[in-house]
Amino acid sequence: MLGALVLTWVLLRHDAVIYQQPIGQVVHETARLTQKTTDEHGNTDKIYSQRLTIKLLNRNRTVTLSNQYTDSQTVTHRYHVGDQLLLDGTGQLRILSLKRDATIGVLLVLLVSLLLLFVKWRATGWLLLSLIINIILFVVALIIDINVKNANVLLIFVILAVLVAFSSLALVLGRTLQMAVTLASTLLATLLAMILMLVSLKVTANEGVHFETMAYVTQVPTTLFIAQTIIGVLGAVMDESADIVAALFGMRREKIAHHFKDYWHAGMNVGRDIMGTLVNVLFMIFIAETMPMVFLMLRNGNNWPYILDQIMNLGILQTVVSGIGIVIAVPVTSALVALIVKHQQVVKS
């Protein structure tokens, strides 16, 4: 594993020749303080001017560029000796961003190595294939949404959700009854959760929900939010449904006659055991995503009611809807497995 990580790092640190745009590496840097700023809330920051000597790795020359950054580095970045940079080569050279492919490549190799170490090779292969297919499906959906005039965003992402769920479960579980039941319970629980959300929004006339606060939205924010929520609920529900179905199909393989209530109670027990953990994971992901903006708003004198209303509003709604989907998935999956298994037993008998 270590050898693969080192090889990936070395190759991606020396791949500048495959880029058409200029790639540079900082060989020397100096920085000097140019300004101190203090706002009305007492927040202080320092602005530095940085002079960088950059060796162009695929142009065989050296240039000197300037860069400004702040101590907080909220929208700026300080570059260090050894950093590789993506440069804009149209006209006068300027820095676009750090070249991060070596770091990302090492992390991907580490992920694959850990999967191969702890999971069977065949299962790892199907898992990685499903991940690649899902990425391709997502990119295709984005291309259609961007390039088709007046595209139905909701329809595109509903189809995407179904395809992603099918490809993930089919490649990981195979074309089996277990896969079909997991897919059916996932889609049904997701549909019920979304219906509850839409009915609630309709009844309350979207009161207290500020779709306009979605950042960088160039389409109708309400539709885009619903599409975004569908994908989020689907991921949370599919994880839980797969666990419950796997446990109940384990019971099915036992040479013991089980009744409907046996599968129902077993599924409910499994769901109760994992439901709390999944809901807490959703909450922690939401908190992690909103922390930077919450800190920024608090440092700029905003109060908690305003932050909850304008910054955390939609995130809280998505978390609640995903939590509802997780709760709904427990009885839905338990009942669905029990009905299908009992039907099979009646047909066989």
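Hi everyone, let's start with a crossing: α4 passes α6 in a right-handed one, meaning that the near helix is turned clockwise from the far one by less than a right angle. Before I go on, this is a predicted model, where local features need pLDDT of at least 70, side-chain atom pairs count only at pLDDT 80 or more, and totals for chains, interfaces and linings use all residues. Residues are numbered from 1 along each chain as its sequence is written, and side-chain values use heavy atoms, with hydrogens and water left out.

Helix α4 covers residues 153-173 and helix α6 residues 221-252; they pack at about 15°, with axes 9 Å apart. Helices here are DSSP runs of H or I, at least four residues, and strands are runs of E, at least two. Axes are lines fitted to C-alpha atoms over the stretch in contact, with angles from 0 to 180 degrees between N-to-C directions. So α4 and α6 are roughly parallel, the word for angles under 35 degrees.

Which residues meet? From α4, they include Phe 157 and Leu 169, and from α6, Ile 230 and Met 238, where contact means heavy atoms within 4.5 Å. By class, this contact has 15 nonpolar, 2 polar and no charged residues.

Now to α5, residues 177-204: its 28 residues should span 40 Å at 1.5 Å a residue, and the end C-alpha atoms are 41 Å apart, which agrees. The expected span takes 1.5 Å times one less than the number of residues. Just after α5, Ala 205 has a positive phi of about 55°.

Finally, Asn 60 is not a glycine, yet its phi is about 60°. Asn 60 sits in the loop between β2 (44-56) and β3 (61-70). Thanks, everyone!

Methods:
Angles under 35 degrees count as roughly parallel, over 145 as roughly antiparallel, 65 to 115 as roughly perpendicular and the rest as oblique. Ala, Val, Leu, Ile, Met, Phe, Trp, Tyr, Cys and Pro count as nonpolar, Asp, Glu, Lys and Arg as charged, and the others, Gly among them, as polar.
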